[in-house]
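Q: I would like to learn how to read aromatic rings and their surroundings in a structure. Please take me through a case.

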Amino acid sequence: MYTDKVLKYFHKPINQGKIRNPDGVGKVGNIACGDMMYLYIKMDKSNKPETIKDVKFQTFGCVAAIATSSATTEMVKGKSIKDALKLTKDDLIESLDGLPPIKIHCSVLAIEALSEAIYDYLKKNKKKIPAELEEKHKIVVKHNKELEERYDEWIENQKI
Amino acid sequence: MSTKKTNKKVYLDYAATTPVDKAVVKAMLPYFNVKYGNSASIHTMGVDSNKAVLNSRDIFSEYLNCQSNEIYFTSSATESNNWALKGVAFANKGKGNRIIVSAIEHDCVLNSAKWLSKQGFDVVYAPVDKNGIINLIKLKKLITKNTILVSIMHSNNEIGTLEPIKEVGKLCKEKGVLFHTDAAQSVGKLPIDVNEMNVDLLTASSHKIYGPKGSALLYIRNGTNIEPLLHGGGHESGKRSSTVNVPAIVGFAKALEICVSEMKQESIRQSKLRDKTIKNILKKIPNSYLNGHAVERLPNNVNIRFDFIEGEALMMELDNHGIEVSTVSACSSPKLESSHVLLACGIEKKEAQGTIRISLGRYTTENEITYLLEVLPKVVKKLRAMSPMGLKNS
Ligand code: FES
């Protein structure tokens with residue numbers, strides 16, 4: 001069902017974990033199956049344009065969710081914001097030699113996590129936010145509310 | 001090239017299907033190309049085939065304590081369950097239109113019931129408690145004068161809970177309602193007596209008991225009103241037309257024979273392994289919980305949920321270590337839905353997500369369980385470290 005590439009990322013995920021003091025965090029979830037993905041970015045501000053210096057993920061979800069979030073981090077590391085935002089789910093799927101149709105939504109989520117992390121960074125630094133990103137953000141906020149209710153105890157748990 | 005870490009193979013998914021026993025294969029073989037007659041033919045070859053089928057019927061009737069002519073061979077438990085529900089519903093619609101099924105039935109029962117409700121039948125779902133045991137008081141209340149059939153499984157395929165079938169049977173008898181039970185998971189593992197249990201229809205399946213796939217049966221008590229699902233040349237006393245699948249039936253019967261001969265010791269052996277597995281997982285892994293009843297449980301079923309991680313990922317991590325189990329997490333389901341069984345037991349969606357089923361069988365050894373208990377805590381830890389949830393517990 002899964003390609004060898006997907007399984008490779010799943011078994012040996014790259015960039016898994018948390019960044020201390022990140023410049024941006026994207027927290028997204030899937031209301032259907034209940035998957036949650038956190039993506040952290042650290043920017044290299046000495047570069048012009050700025051580039052993504054470090055990026056890490058944490059995922060509570062299926063094989064495809066873990067593999068796509070890991071592959072996303074790998075594909076955007078070192079890129080400028082503009083280039084990172086160009087990454088699509090299809091690029092991601094292609095880089096993994098394909099995903100089962102029912103798992104496409106997991107790759108959508110990985111892209112969402114990335115754009116949310118960038119949104120967070122731009123917002124915090126009072127930078128201009130592209131209209132498209134603003135639109136995407138609105139949808140995420142709606143979904144997140146539902147998920148936070150579902151997972152409130154567990155999210156609490158992690159804050160302690 | 002395989003990406004797997006190991007070439008070890010520990011199959012712990014016997015509730016999904018089982019390997020065909022060598023003795024079963026041997027018993028089946030002649031019926032493919034030596035004794036290949038059509039059991040409906042009256043020449044010598046046909047008669048020989050028919051004898052083999054009659055002989056098989058006797059093996060089942062002895063086990064179930066019924067008449068041989070009450071056994072109807074089918075192609076799958078799905079067919080048997082479809083037939084029981086639809087056949088009884090349509091044959092008895094003059095008497096009433098209510099059909100009661102438990103909330104934790106297999107999809108083939110639930111979806112047949114759903115289809116019947118579209119045809120105008122009044123389908124109601126009997127609730128279960130947190131361990132998956134049917135609530136007899138509520139069930140009693142659901143049985144109205146209009147009720148024609150109650151269908152409650154003998155044991156649940158996911159969580160292994162055993163239902164109080166004898167009590168349900170008694171209740172249905174008192175109320176004069178037909179009672180069907182899906183015993184696909186329990187036949188060959190536990191003794192069954194359709195008279196003592198007051199069962200009118202019962203489903204059994206071959207591939208769950210080391211027999212071939214594509215072979216199953218429906219026991220129908222003589223005198224039960226039921227319409228056929230398959231119309232045709234009048235096989236199986238006109239109730240189930242189709243050329244009789246002799247090798248599959250012979251294999252199924254042989255498989256049952258072996259199960260019956262080993263039932264006592266196997267049930268004790270597997271229950272011990274099961275309890276060892278459950279006890280150790282709960283002890284070694286924090287935030288892990290048993291689904292289903294601790295005692296009223298199939299001897300081979302272990303079903304555990306782990307907080308903060310997802311079942312498909314866990315299953316695939318185990319697979320990487322050569323251990324094969326199954327999961328019913330939302331992510332692994334075709335509709336991305338949580339298990340209806342776990343939800344019916346009152347388990348929350350987030351908790352249901354990290355569930356795996358480990359099912360033991362005839363060839364499961366102590367060593368395999370020791371290996372599982374060594375690997376499982378590690379992979380749970382690995383996935384928890386990756387999860388944004390509950391980090392404090394990893
Ligand atoms: S995370 Fe649920 S299907 Fe991928």
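This is a predicted model: local features need pLDDT of at least 70, side-chain atom pairs count only at pLDDT 80 or more; totals for chains, interfaces and linings use all residues.

Q: What sits over the ring of W115(B)?
A: The charged end of K86(B) does, 4.9 Å from the ring centre.

Q: How many aromatic pairs does the structure hold over all chains, and how is such a pair described?
A: A pair of aromatic rings is described by the distance of the centres and the angle of the planes. Over all chains there are 9 pairs. In one of them, the ring centres of F90(B) and W115(B) are 6.2 Å apart and the planes stand at 55 degrees, so this pair is tilted.

Q: Which parts of chain B does the pair of F90(B) and W115(B) tie together?
A: F90(B) belongs to helix α4 (residues 77–91) and W115(B) to helix α5 (residues 107–118), so the pair links parts 25 residues apart in sequence. F90(B), at 30% relative accessibility, is partly exposed.

Q: Are the rings of Y210(B) and Y363(B) stacked or edge-to-face?
A: Their planes are at 90 degrees, with the centres 5.8 Å apart, so the pair is edge-to-face. Y210(B) lies in the loop between β7 and β8, and Y363(B) in the loop between β13 and α12, so parts 153 residues apart in sequence are tied together.

Q: Which of these two tyrosines is buried and which is partly exposed?
A: Y210(B) is buried, at 7% relative accessible area, while Y363(B) is partly exposed, at 38%. Together with Y11(B) and Y14(B), they form one aromatic cluster.

Technical notes: Residues are numbered from 1 along each chain as its sequence is written. Chains are lettered from A and ligands numbered from 1 in the order in which they are written. Side-chain values use heavy atoms; hydrogens and water are left out. Rings of Phe, Tyr and Trp (its six-membered ring) pair if their centres lie within 6.5 Å; planes under 30 degrees apart count as stacked, over 60 as edge-to-face and the rest as tilted. Helices (H or I, at least four residues) and strands (E, at least two) are DSSP runs, numbered from the N terminus. Buried means under 20% relative accessible area, exposed over 50%, partly exposed in between (1.4 Å probe, protein chains only). A charge sits over a ring if NZ of Lys or CZ of Arg is within 6 Å of the ring centre and within 35 degrees of the ring normal.
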